[in-house]
Amino acid sequence: MSPEYGFELTHERDIKEIKTRGRMYEHTRTGAKLLYLLNEDENKVFGITFRTPPADSTGLPHILEHSVLCGSRKYPVKEPFVELLKGSLHTFLNAFTYPDRTCYPVASQNRRDLLNLIDVYLDAVFHPRLTETTFKQEGWHFELDNPDVPLQLKGVVFNEMKGAYSSPDNLLGTYTLQELFPDNPYAFDAGGDPRVIPRLTYEQFLAFHRRYYHPSNARIFVYGDMPPEEIMPVLQEYLEDFDRLAIDSEIALQQPFPGPRRATRPVMAGKESGAGSKGMVTINWLLGQTTQREPNFALRVLEYILLGMPGSPLRRALIESSLGEDLAGEGLGTELCQIYFSTGLKGIAPEHTGRLEALVLDTLKGLSCRGIDPLMTEAALNTIEFRLRENNSGHYPRGLLLMLRALTTWLYDGDPFTLLAFEEPLETVKSRTKEQKRYFENLLTEHFLDNPHRVTLTLKPDPELAERMEKAETAELDHIRKALDERQIEELAAQSKSLKSEQTRPDPPEHLASIPRLRLEDLESRNKLIPAEPQDLDGIPLLYHELPTNGILYLDLGLDLHALPPETLPYVPLFSRALLEMGTRKEDFAALSRRISAGTGGIRPERFLSTKKDRREAAARLFLRAKALPHQIPELIAILKDILFEPAFENRERFRQMVLEEKARAEHHLIPAGHQAVALRLKAHFSEAHRAAESMGGISYILFLRTLARDVQEDWPKILGRLESIRQTLINRRLLQLNLTAEEGLLDRTKTALEALAAEMPDSIVAEAPWKWENLPEAEGMTVPSQVNYVGKGADLFRSGYRFHGSALVIARYLRNAWLWNQVRVLGGAYGAFCSLERFSGALTFVSYRDPNILPTLKAFDESADFLKKSALADDEREKAIIGTIGELDSHLLPDAKGFVSLLRHLTGDSDASRQQMREEILGTELRHFREFGEILDALRTSPFIKVLGAREAIDKAQSELPRSLDIVQVL
């Protein structure tokens, strides 16, 4: 076959499982590989990936990932990535650093927009400028504002990884790879160890790009409804500049250990917290190669059998051991060249390592000898198959999920279709299960019990670690400073000044204009509508959405939380889990979890809280979100009836385990997502919806869980009575809202089944409970063991007289991508900063992420108003902000999300007409709106609402210069 645009077709096949025509190409001149998945999905995806094995822990691959997006040959602006963020309709735009690869994916529903994104990304990876300024900004640099102040270390990746090294969960993943793979690139941290990052030189940085960022080392991916002839010319334009090279980027296999090993690593912990509560222990195995098809699928099923359900045997043994609080470890790791398995416990005393190890091994031996429950195997096979057929990627484009799935074999020179065309290997596993009675038991013996490549890893909490690391960094900087003579100090201060000058220098207008983008006339003037048909089911409101769902039924049952008093709300997350994880009068929790996995596509709880449009009160619902195939509908309804009408809450020990799991998860999630906790804590001052959300998922919830863990032991009747009271209140037809998303023909069939559930639903008058809380302190310092901070400030704009206008979304986006990006990230060295306005509540929040600063960040927040009032905003910048906002408004939704989002709009009073008005206001945003909003933002400057999450030492240091003192809340 003759080459097409320089590419030769090497393989082609239909992948009926995902309704796709798959084509494999090779670029004849360079050897670049191209995987093209052609189908009808309008949410198109492009990605280019390079194998980038690290040789040390300086974070070189990670720093380079940031840096190539900071200007290129064709687009010589400081940050083309930011310009794309400002003015694109992208549905995904980012880059990832893995332990052995670097990925650059983009996605858009708009054909022209995708071509623009591809062009900028290809120029970025193949022809980046990679200036020393970029290296210092994104990687690391010494900062000396003047000769009389202490020397500092700054850098975006440097501070990002300081945040990552403050998270025990992140470190568990890093250390697991290092211990399991001591002899290949996974022994190093591709993201970067903050203690090692400053060893990286600019020359090494440039050499790494020359070595690995070449078409001969590239894997290019395209997905969606654009034919190859539209994209291949763009690829050829870049690839034809290169010749084929022999690039050694192969990932060597880790050779097996002769026997098991143990390792202990320290992790940060709060000085006042109990050391044992922060420990983690995992047992880890190195298994087979990722490219081996049958073991790959079989081990996924086995993992679900062992850990995937509340009643799974290994999960149950771990939780019921009372050695710890929640599961730790990734489970099955399938994204590297060799599969590995990791499981254990969080919140375990390190001295119990041996007991945990024995427990895990004894449990696996018992399963191997006595056999695995066939019902457990059936449940696992059904769930794995359902997930593969549904191909639900959540908020991410489906094509991105498929790209990452293909890379798990393709990157290691295997067949990229191995995991995409799943029917054949899945049927092989199902056949083996029927033909070989001990199929999974034999897998257990081979891969676990008889496998000497095992590491028991203990993460030991060290309350002094953060302080020692900070002191070591300070001492090293002092040592460097003392070794400098006066001329060198002045030179370093001049370099710092020069770097800041370069960072604040505006790009030439002609360079900014070179970046391709859409125009306002390219945008749709009308919103996309979601079909929604209100119905009545025996007096219960039902909203129906007829959408193509690939034969799957999505059913949401919403219960109105406003019937509960505020002191009851923190119990709701555990109550919703208890419905699904504590069993019923008919079966224990293990049998119920098997039944759900075997007979449905899954049932999960989800909370929704939002201020209603044009009202101060909250729309508040607890949802049970279920999915099933048509033949599973009767069983799904039967399960829902059992969990709603006959739950069994009496098992105190089971509930105690759930409380400890919930507490451990909330605590371990806090530092990686500190910006979310700060934003929620701020918004809790401004509406009952936000205050309720904070009580069920914020700092208040963590504090509540600690008290609840004690109360379950000391006053179980009170807790049991509270759970039953919640059930008796909420399970009421007058509080119920149903939502159904399905294809044509399923509505009547499902309604008939739902009528049986509705007939048994209690019917009694329920009054809304008044929601009032004690006031939270306006200014708070929330202490955690962390090397970075999360800084927030907020205001209630509605109380200042402001009324929402669609232009505010454009302006908030502009502030985030212009002012905050430059002041907090580029100059301040934080990983990110966000500005958000809740259009129904008027809650305005500014928050930073993984931030080395406190005071400079608050100053940047306060100066946002002046920036809007005084900056010379070009029409081009205004248009880009409008386009980007429309892109957010038109974000791509999968069918289940469309139906659910439509319901949420219905509950908040967000009508199609009001959303269309908002779109028109966005499209009509003018310069005057920026100036007017600047006046409104003066309310932020005088706002007393400040929240800082960070180390006690950093907060205490900032206290003396704050306009008001912070109330200290010890969180971790």
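Let's start with E920, which is partly exposed at a relative accessible area of 45%; buried would mean under 20%, exposed over 50%, and partly exposed anything in between (1.4 Å probe, protein chains only). Before going on: this is a predicted model, so local features need pLDDT of at least 70 and side-chain atom pairs count only at pLDDT 80 or more, while totals for chains, interfaces and linings use all residues. Residues are numbered from 1 along each chain as its sequence is written, and side-chain values use heavy atoms, with hydrogens and water left out.

The side chain of E920 meets that of R526 in a salt bridge, at 3.9 Å from N to O; the term asks for a side-chain nitrogen of Lys or Arg within 4 Å of a carboxyl oxygen of Asp or Glu. E920 sits in helix α33 (residues 912-923) and R526 in the loop between α18 (509-514) and β16, so this pair ties together parts 394 residues apart in sequence. Helices (H or I, at least four residues) and strands (E, at least two) are DSSP runs, numbered from the N terminus. R526 itself is exposed, at 53% relative accessible area.

Searching the whole structure turns up 97 salt bridges. One of them joins K627 and E390, whose closest N and O atoms are 3.0 Å apart. E390 counts as buried, at 5% relative accessibility. K430 and E427 also form a salt bridge, with 3.3 Å between the closest N and O atoms, but these two are three residues apart in helix α14 (residues 423-435), about one helical turn.

Now to β20 and its sheet. Six strands form an open sheet in the order β16-β17-β21-β18-β20-β19, with mixed pairing; two strands pair if DSSP finds at least two bridges between them. β16 (533-537) and β19 (602-611) are the edge strands, each with a single partner, so one side of each has no neighbour in the sheet. From one strand to the next, the twist averages 25°; axes are lines fitted to C-alpha atoms (for helices, over the stretch in contact), and angles run from 0 to 180 degrees between N-to-C directions. Helix α32 (residues 895-908) packs on this sheet, touching β17, β18, β19, β20 and β21 (736-742), with its direction at about 155° to that of β20. Contact means heavy atoms within 4.5 Å.

W716, I719, L723, I726, R727 and L730 are buried in α26. Looking down the axis of α26, its buried residues fall within an arc of 100°, so they line one face of the helix; the arc is that of the directions from the helix axis to the C-beta atoms. What covers them includes β18 (553-560), β20 (618-628) and α25 (699-714). On the face turned away from the buried side are the exposed residues P717 and Q728.

There is another open sheet, with six strands in the order β24-β25-β23-β26-β22-β27 and mixed pairing. Its edges are β24 (832-837) and β27 (967-970), each with a single partner strand, so one side of each lacks a neighbour in the sheet. Within it, β23 (residues 790-796) and β26 (residues 945-950) pair in the antiparallel sense over five bridges, and G794 stands opposite F945 in β26. Helix α29 (residues 855-862) lies across β23, β25 (843-849) and β26, running at about 30° to β23.
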